[in-house]
Amino acid sequence: MSQGSNFVDYVKICCRSGHGGSGSAHLHRDKHTAMGGPDGGDGGRGGHVIVKGNAQLWTLLHLKFRKHVIAGDGESGGSSQKSGKTGRDEILEVPLGTIAKNSETGETLFEITQDGETRILTEAGRGGLGNWHFKTSTFQTPRFAQPGEDGKEEWNVLELKLLADVGLVGFPNAGKSTLLSVVSAAKPEIADYAFTTLVPNLGIVAYRNGRSFVMADIPGIIEGASQGKGLGFRFLRHIERNSVLLFMVPADTNRTIKEEYNILLKELQEYNPELIHKPRVLAITKSDMLDDELLQEMKKEVPQDVPSIFISSVAQKGINELKDLLWTEINKEQ
Ligand SMILES: Nc1nc2c(ncn2[C@@H]2O[C@H](COP(=O)(O)OP(=O)(O)OP(=O)(O)O)[C@@H](O)[C@H]2O)c(=O)[nH]1
Ligand SMILES: [Mg+2]
């Protein structure tokens, strides 16, 4: 995260849910009744730690500094069967696509996919029952009630997989970050060395008539990324959800376009065969480096089984056509 990234995809939070309030052991008493029956109310449940989906959020950044989250305790029950107040819930709002895990066991608890969806992350203690519950025909005056249940304290992890419409797939230096910086307001780091991008960047791409889509710049994958080499492996998981994959091959590759495209495909397939079924577009980047003759040559050797386009982020060539191609593919899928 040292690159000033606006993207946080992992937070670990200590969550404490509230204790349940204790039930009341009150016996009814008024002017006319000296020794009434049991009327102690139930204790209120403690507060849960709750996770709630919010479609307006894109990162977990706002939770980065919340190391401890403490929900309120439930209150004790009162006389006249009055229930104790419920403890205050703590609600953590998260972007869609957030996965909750127990940090100790690594077990996945749930995933938030809908706006407004709520799930309990750390369950609160139940309130204790008041004494009137324990009254029977042979036992008229229970002078005891149930204590409230304890809350829980546990470490949980929230993890976000990018929910982007387009994921950029290419070797380091293919020009992925440059493209993102040209089509969106995102300002990823760009440099002429490999692995400039160490964390994924998100950008919102403005399209015609006020419409937009989300593009994710994913750190470069290299040959063997699916075997765990290079950084790509750690981040490949972010593209599992991207609905369209934009393959990027630089015009100055020392392989042929087809070769490089096929290597990228193979990497993805080895990592997760399902990725192969996602719609794809191929962009040949840095086309400003080609003279007309070379461009015509190379156009003949592009793979025919994928929509493709020559672009130059630097010279702003082919960018609108690329957006058209992507838009068509994004909307085909739905
Ligand atoms: N001539 C030319 N150079 C480009 C173009 N796009 C990117 N570059 C250059 O290519 C180099 C790599 O660009 P990046 O955008 O950082 O590449 P990347 O794919 O994000 O690389 P990693 O983050 O390392 O995976 C930089 O020096 C860019 O200036 C282009 O359209 N034309
Ligand atoms: Mg980059």
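**Overall picture**

The protein has 334 residues, of which 43% are buried. Its secondary structure amounts to five helices and 14 strands. If you look at contacts between residues at least 6 apart in sequence, 72% of them link residues at least 24 apart.

Before going into detail, a word on confidence. The mean pLDDT of the protein is 85, and 84% of the residues score at least 70. For the model, ipTM is 0.98 and pTM is 0.61.

One open sheet contains six strands, arranged in the order 10-11-9-12-13-14 with mixed pairing. At its edges are strand 10 (201-206) and strand 14 (308-310), each of which pairs on one side only. From one strand to the next, the twist averages 25°.

Helix 3 (residues 257-271) packs on this sheet, where it touches strand 9 (166-170), strand 12 (244-250) and strand 13. The direction of helix 3 makes about 140° with that of strand 12.

At one end of the order, strand 13 (residues 280-285) runs parallel to strand 14 and is joined to it by three bridges. Here Leu282 has Ser308 of strand 14 as its bridge partner.

Strand 2 (residues 49-53) pairs with strand 4 in the parallel sense over five bridges, and Val49 stands opposite Glu90 of strand 4.

Strand 5 (residues 98-102) and strand 6 (residues 108-112) form an antiparallel pair with four bridges. Within this pair, Ala100 has Phe110 in strand 6 as its bridge partner. The two strands make a hairpin with five residues between them, and Gly106 in that hairpin has a positive phi near 75°.

| Strand pair | Sense | Bridges |
|---|---|---|
| Strand 13 and strand 14 | parallel | three bridges |
| Strand 2 and strand 4 | parallel | five bridges |
| Strand 5 and strand 6 | antiparallel | four bridges |

**What lies inside**

In soluble globular proteins, nonpolar side chains tend to be buried together. The largest nonpolar core of this model has 36 residues. Val169, Met215, Leu246, Phe247, Met248, Val249 and Ala283 have the most contacts inside it. Strand 12 gives the most to this core, contributing six residues.

Leaving aside residues up to four places away in sequence, Phe247 touches Val169, Gly170, Tyr261, Leu264, Arg280 and Leu282.

There is also a second, separate core of 16 residues, including Ile50, Val94, Ile112 and Ala124.

Why is helix 1 (residues 176-183) described as largely enclosed by the rest of the structure? Six of its eight residues are buried, so the helix is largely enclosed. The buried ones are Lys176, Ser177, Thr178, Leu179, Leu180 and Val183.

**Two residues with positive phi**

Most residues other than glycine have a negative phi. Ser80, which is not a glycine, has a positive phi of about 55°. Ser80 is in the loop between strand 3 (68-70) and strand 4. Lys286 also has a positive phi, near 60°, in a residue other than glycine. Lys286 belongs to the loop between strand 13 and helix 4 (292-300).

Are these two buried or exposed? Ser80 has 12 other C-beta atoms within 10 Å, so it is exposed. Lys286 has 22 C-beta neighbours inside 10 Å and therefore counts as buried.

**Where to read with care**

Where pLDDT is low, the predicted coordinates should not be read in detail. Among the elements of the protein, helix 2 (residues 232-236) has the lowest mean pLDDT, 51, while strand 7 has the highest, 98. Over residues 1-7, pLDDT stays under 50. For that stretch the model has 13 contacts beyond four places in sequence.

How values were computed:
Residues numbered from 1 in each chain as written. Chains lettered and ligands numbered in written order. Predicted model: local features only at pLDDT ≥ 70, side-chain atom pairs only at ≥ 80, totals over all residues. Pairing = 2+ DSSP bridges. Axes fitted to C-alpha atoms, helices over the stretch in contact; angles between N-to-C directions. Contact = placed C-beta atoms within 7 Å. Buried ≥ 20, exposed ≤ 12 C-beta atoms within 10 Å, placed from the backbone. Core = buried A, V, L, I, M, F, W, Y, C linked by C-beta atoms within 7 Å. pLDDT = per-residue confidence, 0-100.
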